[in-house]
Amino acid sequence: MGTRRILEGVTREHLIARCVELERTLLRHNIPIPTISHHNSNGSKKKTGSRPFDFNRYSKRKIALKIAYLGEKYHGLAIQESVPDTVEAHLFAALQKAKLIEDWKVSDYSRCGRTDKGVSAFAQVVSLVVRSNLTSCRGLISGPSEPSSKKPKGEIDYTKILNRLLPDDIRVMDWGEVDEDFSARFNCKARHYKYFFHRDGLNIDAMQEACRYLCGEHDFRNFCKANVSAGIINHVRTILSAEIRSLKVSGVCTSGLGHHELWEFNVIGQAFLWHQVRCMMAVLLMVGQGLEEPAIVKYLLDTKECTHKPQYQMADDLPLVLYDCIFDSVDWQGSSAHEAARLDQMWLQQWQRNHIRNALLTTLLDVHGYIKTNDRNHERWRIFQAECHGAIQTTSHKPLIERPTEGSVYVDAFFRFAHYIDNRKVI
């Protein structure tokens, strides 16, 4: 007969006595006694009597959050139903766990720049309505349902509380006071992107010349991925500045590396299209490799002459970062000295780990026959250079002007609209 059947046949009193006897035996042998969870009659754990959180007891205000994240392992910024591991999914989970919002869908949420899978941000800005301790402040949406007799507290430390709940590579760097009608998307004056790359024999002067064509107001339909499904048919954007610069970061030495020296493509614009920066960078790399002339940029911007986008692969996602979002209507509050030190320490630890990885890979290359930077004709070097830049080797490169083209975004938009008209419900 099984143990369960034997125990089911024992009276409650005998069962309690047996348990007490077993506990005494465990204590005599210095064996810890496992704790017993309290359950009610239907088998579920007994509730402690905690009440659901009442958001109506608190004020609500609009704020802005400045967020930094390393995007390599995330499927982009924007939350997606089919992809759980996005930056916003982690952010909303933290906001709800901290009881700062009930549901992001009703929090008047807005983001400044949508970054794609693998892309990072150092100063992404979002705005939303959150719980507040204050009854009088900038951006106040509503007060508590009932006045409190308690002495008003200081404002919630949004930076501190969220960083305790977010992954190490997603951090809230600051929070700011804004007006109740503020939108992180529409109140942004400019977005600043950086794209890092190794020099690797690239013609920097030619790339710089090509950058000059990008500045100003242009139709960038040939420098983006069509996004007709989102209703984007206007591709005119304004680039305020675009330049190639040698990377100069305090504490990071990139000089003396020869062709492996790090450079950056800096571009500032009022707004950007889907994959616009990566498409611009892809063409600039072709120019730098001598595969295209700098004037190819001017040709692609002339939509009367180049009516359809040539087919080409955009640049890799990893080196791209949303470096800054520029506002003139946000009163950033800054972090406490303690929280700022915690943020610095966390990022420093990540840098140290990656620095060790870099040392490991450098040593690995040295052990297995590192290709010297002056050996420019080595076959392995040519393959490496082509793969790093995401471009075809010079011998098989087909000029952009001769390549097959993609469909017209306006034709696509027309057929999508026609399909909608044909399938809409007739009332």
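**Notes on a pocket and some aromatic pairs**

1. Let's start with the lining of the second largest pocket: sorted by class, it has 15 nonpolar, eight polar and eight charged residues. Bear in mind that this is a predicted model.

2. That pocket holds about 970 Å³ of space. Its lining runs to 31 residues, with C112, G113, R114, R185 and F272 nearest the centre. Strand 2 (110–111), strand 6 (190–198) and helix 6 (276–288) each give at least two residues to the lining, and helix 6 has the largest share, with three.

3. Stepping back to the whole protein chain, you'll find ten helices and eleven strands. Of its 427 residues, 38% are buried. Among contacts with a separation of 6 or more, 78% join residues 24 or more positions apart. The accessible surface is about 26000 Å², and carbon and sulfur atoms own 52% of that.

4. Now the rings: there are ten aromatic pairs in the structure. Take F53 and Y58: their ring centres sit 5.4 Å apart with the planes at 10 degrees, so this pair is stacked. Both are partly exposed, F53 at 33% relative accessibility and Y58 at 23%. Together with F55, F53 and Y58 make up one aromatic cluster.

5. Y193 and F272 are another pair, with centres 5.1 Å apart and planes at 80 degrees, so they meet edge-to-face. This pair links distant parts of the chain: Y193 is in strand 6, while F272 is in the loop between strand 9 (262–269) and helix 6, 79 residues apart. Y193 is buried at 9% relative accessibility, and F272 counts as buried at 17%.

Notes:
Residues numbered from 1 in each chain as written. Predicted model: local features only at pLDDT ≥ 70, side-chain atom pairs only at ≥ 80, totals over all residues. Heavy atoms only, no water. 1 Å grid on protein atoms, 1.4 Å probe; cavity = no way out; pocket = protein on both sides within 12 Å on 5 of 7 lines; lining within 4 Å. Points joined across faces, edges and corners; volume = space filled by probe spheres on them. Helix = DSSP H or I, 4+ residues; strand = E, 2+ residues; numbered from the N terminus. Nonpolar A, V, L, I, M, F, W, Y, C, P; charged D, E, K, R; others polar. Buried < 20%, exposed > 50% of the residue type's maximum accessible area, 1.4 Å probe, protein only. Contact = heavy atoms within 4.5 Å. Areas by Shrake-Rupley, 256 points an atom, 1.4 Å probe, with all protein chains shown as cover. Phe/Tyr/Trp six-rings, centres within 6.5 Å; stacked < 30°, edge-to-face > 60°.
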